[in-house]
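Dear colleague,

Here is the structure I promised to pass on to you. Please have it open while you read, as my notes follow directly below it.

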There are 2 protein chains.
Amino acid sequence: MAQKKCNSSEKSAEKEKAIISAARARFALYGFSKVSMEEIATDVGMGKASLYYYFPTKESVFQAVIIQEMNEFLDETDKILNSDFTASEKLVELVKNRFVFIQKFLNLGALTVYSFHDPKSIYKKYLGIFEEKELEFTHKVIKEGQNNGEFEENIDPKAGITLVHTLHGLRVRAIKRYTLPPGTNFPKAINELQEEMNILIKIFIKGISK
Amino acid sequence: MAQKKCNSSEKSAEKEKAIISAARARFALYGFSKVSMEEIATDVGMGKASLYYYFPTKESVFQAVIIQEMNEFLDETDKILNSDFTASEKLVELVKNRFVFIQKFLNLGALTVYSFHDPKSIYKKYLGIFEEKELEFTHKVIKEGQNNGEFEENIDPKAGITLVHTLHGLRVRAIKRYTLPPGTNFPKAINELQEEMNILIKIFIKGISK
(Lines give C-alpha, C1' and ligand atoms only; values in the text may rest on other atoms or scores of the structure.)
Protein backbone atom coordinates (compact mmCIF):
# COMPACT_ATOMS: atom_id res chain seq x y z
CA MET A 1 0.00 0.00 0.00
CA ALA A 2 1.42 3.38 -1.03
CA GLN A 3 2.20 5.74 1.81
CA LYS A 4 -0.06 8.75 1.80
CA LYS A 5 1.73 12.00 1.19
CA CYS A 6 0.43 14.86 3.19
CA ASN A 7 1.68 18.40 2.79
CA SER A 8 0.52 21.34 4.88
CA SER A 9 -2.00 22.65 2.36
CA GLU A 10 -3.59 19.22 2.18
CA LYS A 11 -3.78 19.16 5.95
CA SER A 12 -5.33 22.57 5.88
CA ALA A 13 -7.94 21.47 3.34
CA GLU A 14 -8.74 18.44 5.47
CA LYS A 15 -9.20 20.59 8.56
CA GLU A 16 -11.50 22.87 6.63
CA LYS A 17 -13.51 19.92 5.43
CA ALA A 18 -13.84 18.59 8.96
CA ILE A 19 -14.99 21.98 10.23
CA ILE A 20 -17.58 22.36 7.48
CA SER A 21 -18.88 18.87 8.08
CA ALA A 22 -19.17 19.40 11.85
CA ALA A 23 -20.77 22.81 11.41
CA ARG A 24 -23.21 21.45 8.89
CA ALA A 25 -24.39 18.77 11.28
CA ARG A 26 -24.80 21.31 14.08
CA PHE A 27 -26.59 23.89 11.94
CA ALA A 28 -28.93 21.22 10.64
CA LEU A 29 -29.78 20.14 14.18
CA TYR A 30 -29.99 23.47 15.96
CA GLY A 31 -30.02 26.16 13.30
CA PHE A 32 -27.62 28.97 12.59
CA SER A 33 -28.46 31.24 15.51
CA LYS A 34 -28.24 28.53 18.17
CA VAL A 35 -24.81 27.25 17.23
CA SER A 36 -21.64 28.81 18.67
CA MET A 37 -18.11 28.80 17.26
CA GLU A 38 -17.01 27.13 20.52
CA GLU A 39 -19.29 24.17 19.89
CA ILE A 40 -18.01 23.75 16.36
CA ALA A 41 -14.41 23.92 17.62
CA THR A 42 -15.16 21.26 20.25
CA ASP A 43 -16.79 19.01 17.66
CA VAL A 44 -13.62 18.93 15.58
CA GLY A 45 -11.32 18.75 18.63
CA MET A 46 -9.76 22.10 17.92
CA GLY A 47 -9.16 25.22 19.99
CA LYS A 48 -11.41 28.19 19.33
CA ALA A 49 -8.42 30.24 18.20
CA SER A 50 -7.49 27.62 15.59
CA LEU A 51 -11.04 27.57 14.30
CA TYR A 52 -10.93 31.33 13.84
CA TYR A 53 -7.75 30.86 11.81
CA TYR A 54 -9.79 28.90 9.24
CA PHE A 55 -13.06 30.80 9.53
CA PRO A 56 -12.98 34.31 10.95
CA THR A 57 -16.76 34.43 11.62
CA LYS A 58 -19.69 32.09 12.14
CA GLU A 59 -21.16 33.58 8.97
CA SER A 60 -18.15 32.45 6.98
CA VAL A 61 -18.58 28.86 8.24
CA PHE A 62 -22.24 29.07 7.36
CA GLN A 63 -21.42 30.30 3.89
CA ALA A 64 -19.02 27.39 3.38
CA VAL A 65 -21.76 24.98 4.47
CA ILE A 66 -24.22 26.54 2.06
CA ILE A 67 -21.73 26.30 -0.80
CA GLN A 68 -21.28 22.64 0.00
CA GLU A 69 -25.06 22.04 0.03
CA MET A 70 -25.33 23.91 -3.22
CA ASN A 71 -22.62 21.81 -4.85
CA GLU A 72 -24.34 18.62 -3.74
CA PHE A 73 -27.58 19.94 -5.18
CA LEU A 74 -25.86 20.65 -8.49
CA ASP A 75 -24.26 17.21 -8.52
CA GLU A 76 -27.62 15.57 -7.86
CA THR A 77 -29.18 17.64 -10.61
CA ASP A 78 -26.44 16.63 -13.04
CA LYS A 79 -27.10 12.99 -12.23
CA ILE A 80 -30.78 13.48 -13.02
CA LEU A 81 -30.03 15.27 -16.28
CA ASN A 82 -27.62 12.55 -17.40
CA SER A 83 -29.86 9.66 -16.35
CA ASP A 84 -31.94 7.44 -18.62
CA PHE A 85 -35.17 8.98 -17.35
CA THR A 86 -37.68 10.38 -19.81
CA ALA A 87 -37.95 14.18 -19.88
CA SER A 88 -41.17 13.96 -17.86
CA GLU A 89 -39.49 11.83 -15.22
CA LYS A 90 -36.58 14.22 -15.15
CA LEU A 91 -38.89 17.16 -14.44
CA VAL A 92 -40.46 15.24 -11.57
CA GLU A 93 -37.03 14.36 -10.19
CA LEU A 94 -35.83 17.94 -10.51
CA VAL A 95 -38.79 19.10 -8.45
CA LYS A 96 -38.10 16.42 -5.83
CA ASN A 97 -34.45 17.42 -5.67
CA ARG A 98 -35.46 21.05 -5.35
CA PHE A 99 -37.63 20.20 -2.41
CA VAL A 100 -34.89 18.28 -0.60
CA PHE A 101 -32.56 21.19 -1.14
CA ILE A 102 -35.03 23.76 0.19
CA GLN A 103 -35.61 21.63 3.25
CA LYS A 104 -31.91 21.36 3.96
CA PHE A 105 -31.45 25.08 3.46
CA LEU A 106 -34.28 25.83 5.84
CA ASN A 107 -32.97 23.44 8.46
CA LEU A 108 -29.64 25.17 8.43
CA GLY A 109 -31.41 28.39 9.25
CA ALA A 110 -33.43 26.62 11.95
CA LEU A 111 -36.87 27.30 10.64
CA THR A 112 -36.59 31.03 10.95
CA VAL A 113 -37.44 32.12 7.54
CA TYR A 114 -36.97 35.79 8.01
CA SER A 115 -33.31 35.27 7.30
CA PHE A 116 -34.33 33.31 4.24
CA HIS A 117 -36.08 36.33 2.84
CA ASP A 118 -33.91 39.05 4.26
CA PRO A 119 -32.31 40.67 1.21
CA LYS A 120 -29.08 41.08 3.14
CA SER A 121 -29.02 37.45 4.22
CA ILE A 122 -26.31 35.00 3.24
CA TYR A 123 -28.97 32.87 1.63
CA LYS A 124 -29.95 35.55 -0.83
CA LYS A 125 -26.87 35.37 -3.00
CA TYR A 126 -26.99 31.62 -3.29
CA LEU A 127 -30.70 31.43 -3.90
CA GLY A 128 -30.08 33.65 -6.90
CA ILE A 129 -27.53 31.21 -8.31
CA PHE A 130 -29.86 28.36 -7.47
CA GLU A 131 -32.72 29.85 -9.46
CA GLU A 132 -30.47 30.58 -12.42
CA LYS A 133 -29.22 27.00 -12.51
CA GLU A 134 -32.69 25.66 -12.10
CA LEU A 135 -33.87 27.69 -15.04
CA GLU A 136 -31.04 26.35 -17.17
CA PHE A 137 -31.86 22.74 -16.22
CA THR A 138 -35.56 23.19 -16.80
CA HIS A 139 -35.02 24.64 -20.25
CA LYS A 140 -32.67 21.79 -21.08
CA VAL A 141 -35.17 19.12 -20.07
CA ILE A 142 -38.07 20.77 -21.88
CA LYS A 143 -35.93 21.02 -25.02
CA GLU A 144 -34.97 17.37 -24.64
CA GLY A 145 -38.62 16.38 -24.32
CA GLN A 146 -39.45 18.37 -27.43
CA ASN A 147 -36.62 16.76 -29.36
CA ASN A 148 -37.55 13.21 -28.41
CA GLY A 149 -41.25 13.78 -29.10
CA GLU A 150 -42.52 13.62 -25.51
CA PHE A 151 -43.50 17.27 -25.36
CA GLU A 152 -45.37 19.52 -27.77
CA GLU A 153 -43.31 21.42 -30.29
CA ASN A 154 -45.13 24.69 -29.81
CA ILE A 155 -44.71 25.12 -26.04
CA ASP A 156 -44.51 28.78 -25.07
CA PRO A 157 -40.80 29.67 -24.91
CA LYS A 158 -41.46 31.13 -21.47
CA ALA A 159 -43.04 27.94 -20.11
CA GLY A 160 -39.76 26.95 -18.42
CA ILE A 161 -39.29 30.27 -16.66
CA THR A 162 -42.94 30.26 -15.68
CA LEU A 163 -42.51 26.83 -14.09
CA VAL A 164 -39.45 27.94 -12.14
CA HIS A 165 -41.16 31.13 -10.98
CA THR A 166 -44.25 29.17 -10.07
CA LEU A 167 -42.26 26.79 -7.88
CA HIS A 168 -40.42 29.73 -6.40
CA GLY A 169 -43.72 31.49 -5.74
CA LEU A 170 -45.19 28.45 -4.02
CA ARG A 171 -42.18 28.31 -1.75
CA VAL A 172 -42.24 32.02 -0.93
CA ARG A 173 -45.95 31.84 -0.27
CA ALA A 174 -45.86 28.71 1.88
CA ILE A 175 -43.00 29.98 3.97
CA LYS A 176 -44.41 33.48 4.43
CA ARG A 177 -47.76 32.14 5.35
CA TYR A 178 -46.73 29.89 8.15
CA THR A 179 -44.01 31.86 9.76
CA LEU A 180 -45.87 34.59 11.53
CA PRO A 181 -44.65 34.28 14.24
CA PRO A 182 -41.44 32.52 13.17
CA GLY A 183 -41.48 28.79 13.13
CA THR A 184 -45.24 28.45 13.58
CA ASN A 185 -46.63 25.43 11.83
CA PHE A 186 -43.51 25.07 9.85
CA PRO A 187 -43.80 21.34 9.15
CA LYS A 188 -47.35 21.87 7.93
CA ALA A 189 -46.19 24.54 5.50
CA ILE A 190 -43.44 22.28 4.25
CA ASN A 191 -45.73 19.28 3.78
CA GLU A 192 -48.26 21.39 1.96
CA LEU A 193 -45.53 22.85 -0.21
CA GLN A 194 -44.28 19.40 -1.16
CA GLU A 195 -47.77 18.20 -1.98
CA GLU A 196 -48.56 21.24 -4.12
CA MET A 197 -45.27 21.07 -5.96
CA ASN A 198 -46.02 17.43 -6.81
CA ILE A 199 -49.55 18.14 -8.02
CA LEU A 200 -48.40 21.11 -10.04
CA ILE A 201 -45.55 19.36 -11.79
CA LYS A 202 -47.80 16.46 -12.83
CA ILE A 203 -50.42 18.79 -14.30
CA PHE A 204 -47.71 20.88 -15.90
CA ILE A 205 -46.10 17.87 -17.56
CA LYS A 206 -49.42 16.71 -18.92
CA GLY A 207 -50.03 20.27 -20.08
CA ILE A 208 -46.91 20.33 -22.23
CA SER A 209 -47.03 16.69 -23.36
CA LYS A 210 -48.19 15.55 -26.77
CA MET B 1 -92.57 61.67 -13.36
CA ALA B 2 -92.80 60.47 -9.78
CA GLN B 3 -91.23 62.71 -7.21
CA LYS B 4 -88.24 61.14 -5.62
CA LYS B 5 -88.68 60.49 -1.94
CA CYS B 6 -85.60 61.14 0.04
CA ASN B 7 -85.32 60.53 3.75
CA SER B 8 -82.28 61.34 5.82
CA SER B 9 -80.84 57.82 5.81
CA GLU B 10 -81.01 57.74 2.02
CA LYS B 11 -79.24 61.07 1.88
CA SER B 12 -76.64 59.70 4.22
CA ALA B 13 -76.13 56.64 2.04
CA GLU B 14 -75.75 58.86 -1.02
CA LYS B 15 -73.17 61.01 0.71
CA GLU B 16 -71.25 57.92 1.70
CA LYS B 17 -71.33 56.67 -1.85
CA ALA B 18 -70.06 59.99 -3.16
CA ILE B 19 -67.22 59.99 -0.64
CA ILE B 20 -66.20 56.45 -1.49
CA SER B 21 -66.28 57.20 -5.17
CA ALA B 22 -64.17 60.35 -4.82
CA ALA B 23 -61.74 58.66 -2.48
CA ARG B 24 -61.41 55.73 -4.81
CA ALA B 25 -60.47 57.96 -7.73
CA ARG B 26 -57.89 59.79 -5.61
CA PHE B 27 -56.36 56.64 -4.13
CA ALA B 28 -56.13 55.11 -7.58
CA LEU B 29 -54.30 58.17 -8.91
CA TYR B 30 -52.03 59.03 -6.00
CA GLY B 31 -52.10 56.09 -3.63
CA PHE B 32 -53.21 55.82 -0.04
CA SER B 33 -50.36 57.64 1.63
CA LYS B 34 -50.44 60.66 -0.69
CA VAL B 35 -54.14 61.42 -0.27
CA SER B 36 -55.42 63.62 2.55
CA MET B 37 -58.87 63.74 4.11
CA GLU B 38 -59.02 67.42 3.15
CA GLU B 39 -58.65 66.59 -0.53
CA ILE B 40 -61.40 63.99 -0.36
CA ALA B 41 -63.68 66.47 1.42
CA THR B 42 -62.98 69.10 -1.27
CA ASP B 43 -63.70 66.60 -4.04
CA VAL B 44 -67.20 65.97 -2.71
CA GLY B 45 -67.79 69.63 -1.80
CA MET B 46 -68.00 68.93 1.89
CA GLY B 47 -66.32 70.36 4.97
CA LYS B 48 -63.60 68.32 6.61
CA ALA B 49 -65.69 68.01 9.77
CA SER B 50 -68.63 66.57 7.83
CA LEU B 51 -66.37 64.05 6.18
CA TYR B 52 -65.15 62.92 9.59
CA TYR B 53 -68.77 62.40 10.57
CA TYR B 54 -69.04 59.72 7.88
CA PHE B 55 -65.54 58.34 8.11
CA PRO B 56 -63.57 58.93 11.30
CA THR B 57 -60.20 58.03 9.71
CA LYS B 58 -58.56 57.84 6.30
CA GLU B 59 -58.15 54.12 6.97
CA SER B 60 -61.90 53.72 7.28
CA VAL B 61 -62.43 55.41 3.89
CA PHE B 62 -59.79 53.17 2.42
CA GLN B 63 -61.47 50.12 3.86
CA ALA B 64 -64.81 51.18 2.33
CA VAL B 65 -63.08 51.60 -1.05
CA ILE B 66 -61.53 48.17 -0.79
CA ILE B 67 -64.88 46.60 0.09
CA GLN B 68 -66.35 48.24 -2.99
CA GLU B 69 -63.55 46.94 -5.21
CA MET B 70 -64.01 43.52 -3.70
CA ASN B 71 -67.74 43.54 -4.38
CA GLU B 72 -67.14 44.52 -7.98
CA PHE B 73 -64.64 41.71 -8.28
CA LEU B 74 -67.18 39.25 -6.91
CA ASP B 75 -69.87 40.55 -9.28
CA GLU B 76 -67.52 40.16 -12.23
CA THR B 77 -66.66 36.68 -11.09
CA ASP B 78 -70.32 35.75 -10.81
CA LYS B 79 -70.86 36.96 -14.35
CA ILE B 80 -68.07 34.72 -15.55
CA LEU B 81 -69.39 31.73 -13.64
CA ASN B 82 -72.90 32.20 -15.02
CA SER B 83 -71.78 32.85 -18.59
CA ASP B 84 -71.98 30.44 -21.51
CA PHE B 85 -68.22 30.00 -21.57
CA THR B 86 -66.72 26.53 -21.42
CA ALA B 87 -65.05 25.59 -18.14
CA SER B 88 -61.64 26.17 -19.76
CA GLU B 89 -62.66 29.64 -20.90
CA LYS B 90 -64.03 30.36 -17.47
CA LEU B 91 -60.70 29.51 -15.86
CA VAL B 92 -58.93 31.85 -18.26
CA GLU B 93 -61.44 34.61 -17.52
CA LEU B 94 -61.12 34.08 -13.78
CA VAL B 95 -57.37 34.53 -14.04
CA LYS B 96 -57.85 37.70 -16.13
CA ASN B 97 -60.31 39.07 -13.60
CA ARG B 98 -57.93 38.25 -10.78
CA PHE B 99 -55.21 40.20 -12.50
CA VAL B 100 -57.41 43.27 -12.99
CA PHE B 101 -58.36 43.13 -9.35
CA ILE B 102 -54.77 42.84 -8.13
CA GLN B 103 -53.79 45.77 -10.29
CA LYS B 104 -56.58 47.93 -8.87
CA PHE B 105 -55.69 46.90 -5.35
CA LEU B 106 -52.08 47.79 -5.92
CA ASN B 107 -52.93 51.13 -7.45
CA LEU B 108 -54.94 52.06 -4.41
CA GLY B 109 -51.86 51.45 -2.32
CA ALA B 110 -49.78 53.43 -4.81
CA LEU B 111 -47.34 50.77 -5.73
CA THR B 112 -45.92 50.44 -2.27
CA VAL B 113 -46.26 46.84 -1.67
CA TYR B 114 -44.96 46.72 1.82
CA SER B 115 -48.45 47.59 3.00
CA PHE B 116 -49.73 44.83 0.75
CA HIS B 117 -47.71 42.29 2.67
CA ASP B 118 -47.74 43.85 6.09
CA PRO B 119 -49.73 41.43 8.25
CA LYS B 120 -51.33 44.32 10.04
CA SER B 121 -52.37 46.07 6.85
CA ILE B 122 -55.96 46.73 5.86
CA TYR B 123 -55.36 44.67 2.75
CA LYS B 124 -54.59 41.55 4.69
CA LYS B 125 -58.10 40.82 5.89
CA TYR B 126 -59.63 41.27 2.48
CA LEU B 127 -56.98 39.33 0.65
CA GLY B 128 -57.94 36.42 2.89
CA ILE B 129 -61.58 36.65 1.84
CA PHE B 130 -60.45 37.07 -1.75
CA GLU B 131 -58.45 33.87 -1.70
CA GLU B 132 -61.28 31.94 -0.07
CA LYS B 133 -63.74 33.08 -2.72
CA GLU B 134 -61.30 32.35 -5.46
CA LEU B 135 -60.85 28.85 -4.18
CA GLU B 136 -64.60 28.32 -4.14
CA PHE B 137 -64.96 29.57 -7.74
CA THR B 138 -62.04 27.52 -8.98
CA HIS B 139 -63.43 24.33 -7.46
CA LYS B 140 -66.81 25.07 -8.98
CA VAL B 141 -65.40 25.53 -12.48
CA ILE B 142 -63.21 22.45 -12.29
CA LYS B 143 -66.21 20.41 -11.14
CA GLU B 144 -68.27 21.87 -13.99
CA GLY B 145 -65.58 20.91 -16.49
CA GLN B 146 -65.49 17.40 -15.08
CA ASN B 147 -69.26 17.10 -15.28
CA ASN B 148 -69.48 18.29 -18.88
CA GLY B 149 -66.58 16.12 -20.00
CA GLU B 150 -64.05 18.87 -20.69
CA PHE B 151 -61.75 17.87 -17.84
CA GLU B 152 -60.43 14.53 -16.69
CA GLU B 153 -62.45 12.71 -14.07
CA ASN B 154 -59.47 11.78 -11.94
CA ILE B 155 -57.98 15.22 -11.36
CA ASP B 156 -56.27 15.45 -7.99
CA PRO B 157 -58.84 16.89 -5.55
CA LYS B 158 -56.21 19.42 -4.51
CA ALA B 159 -55.60 20.65 -8.07
CA GLY B 160 -57.88 23.65 -7.48
CA ILE B 161 -56.18 24.75 -4.30
CA THR B 162 -52.81 24.20 -5.93
CA LEU B 163 -53.81 26.47 -8.80
CA VAL B 164 -54.98 29.21 -6.45
CA HIS B 165 -51.83 28.95 -4.34
CA THR B 166 -49.72 28.93 -7.46
CA LEU B 167 -51.29 32.16 -8.69
CA HIS B 168 -50.97 33.64 -5.23
CA GLY B 169 -47.32 32.56 -5.11
CA LEU B 170 -46.57 34.12 -8.48
CA ARG B 171 -48.05 37.38 -7.26
CA VAL B 172 -46.17 37.35 -3.97
CA ARG B 173 -42.97 36.52 -5.76
CA ALA B 174 -43.34 39.11 -8.51
CA ILE B 175 -44.21 41.86 -6.09
CA LYS B 176 -41.49 41.03 -3.60
CA ARG B 177 -38.91 40.80 -6.29
CA TYR B 178 -39.42 44.19 -7.81
CA THR B 179 -40.11 46.31 -4.80
CA LEU B 180 -36.76 46.63 -3.18
CA PRO B 181 -36.66 49.60 -2.91
CA PRO B 182 -40.42 50.27 -3.08
CA GLY B 183 -41.86 50.95 -6.46
CA THR B 184 -38.77 49.92 -8.41
CA ASN B 185 -39.60 48.41 -11.74
CA PHE B 186 -43.15 47.91 -10.69
CA PRO B 187 -44.70 47.92 -14.17
CA LYS B 188 -42.17 45.32 -15.26
CA ALA B 189 -43.13 43.06 -12.37
CA ILE B 190 -46.79 43.47 -13.18
CA ASN B 191 -46.33 42.75 -16.89
CA GLU B 192 -44.25 39.70 -16.12
CA LEU B 193 -46.84 38.52 -13.62
CA GLN B 194 -49.63 38.86 -16.17
CA GLU B 195 -47.65 36.99 -18.79
CA GLU B 196 -46.75 34.16 -16.42
CA MET B 197 -50.29 33.82 -15.14
CA ASN B 198 -51.49 33.48 -18.74
CA ILE B 199 -48.89 30.88 -19.66
CA LEU B 200 -49.53 28.93 -16.50
CA ILE B 201 -53.31 28.82 -16.83
CA LYS B 202 -53.09 27.60 -20.43
CA ILE B 203 -50.70 24.78 -19.51
CA PHE B 204 -52.77 23.99 -16.44
CA ILE B 205 -56.00 23.73 -18.44
CA LYS B 206 -54.37 21.44 -20.95
CA GLY B 207 -52.98 19.45 -18.04
CA ILE B 208 -56.43 18.73 -16.60
CA SER B 209 -58.26 18.41 -19.93
CA LYS B 210 -59.28 15.12 -21.48
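Two residues are said to be in contact when they have heavy atoms within 4.5 Å. Please keep in mind that this is a predicted model.

Let me begin with two helices of chain B. Helix H1 (residues 8-30) and helix H4 (residues 58-81) of chain B pack with their axes 9 Å apart and at an angle of about 90 degrees, which makes H1(B) roughly perpendicular to H4(B). On the side of H1(B), the residues that meet H4(B) are Ile19(B), Ile20(B), Ala23(B), Arg24(B) and Phe27(B), and among their partners in H4(B) are Lys58(B), Val61(B), Phe62(B) and Glu72(B). Sorted by class, this contact has 8 nonpolar, 1 polar and 4 charged residues.

Next come the aromatic rings, for which the count over all chains is 14 pairs. In one of them, the ring centres of Phe32(A) and Phe62(A) are 4.6 Å apart and the planes stand at 50 degrees, so the pair is tilted. Because Phe32(A) lies in the loop between helices H1 and H2 of chain A, while Phe62(A) lies in helix H4 of chain A, the pair ties together parts that are 30 residues apart in sequence.

Finally, Arg98(A), which is found in helix H5 of chain A, is buried, with a relative accessible area of 1%.

Conventions:
Residues are numbered from 1 along each chain as its sequence is written. Chains are lettered from A and ligands numbered from 1 in the order in which they are written. This is a predicted model: local features need pLDDT of at least 70, side-chain atom pairs count only at pLDDT 80 or more; totals for chains, interfaces and linings use all residues. Side-chain values use heavy atoms; hydrogens and water are left out. Helices (H or I, at least four residues) and strands (E, at least two) are DSSP runs, numbered from the N terminus. Buried means under 20% relative accessible area, exposed over 50%, partly exposed in between (1.4 Å probe, protein chains only). Axes are lines fitted to C-alpha atoms, for helices over the stretch in contact, and angles run from 0 to 180 degrees between N-to-C directions. Angles under 35 degrees count as roughly parallel, over 145 as roughly antiparallel, 65 to 115 as roughly perpendicular and the rest as oblique. Ala, Val, Leu, Ile, Met, Phe, Trp, Tyr, Cys and Pro count as nonpolar, Asp, Glu, Lys and Arg as charged, and the others, Gly among them, as polar. Rings of Phe, Tyr and Trp (its six-membered ring) pair if their centres lie within 6.5 Å; planes under 30 degrees apart count as stacked, over 60 as edge-to-face and the rest as tilted.
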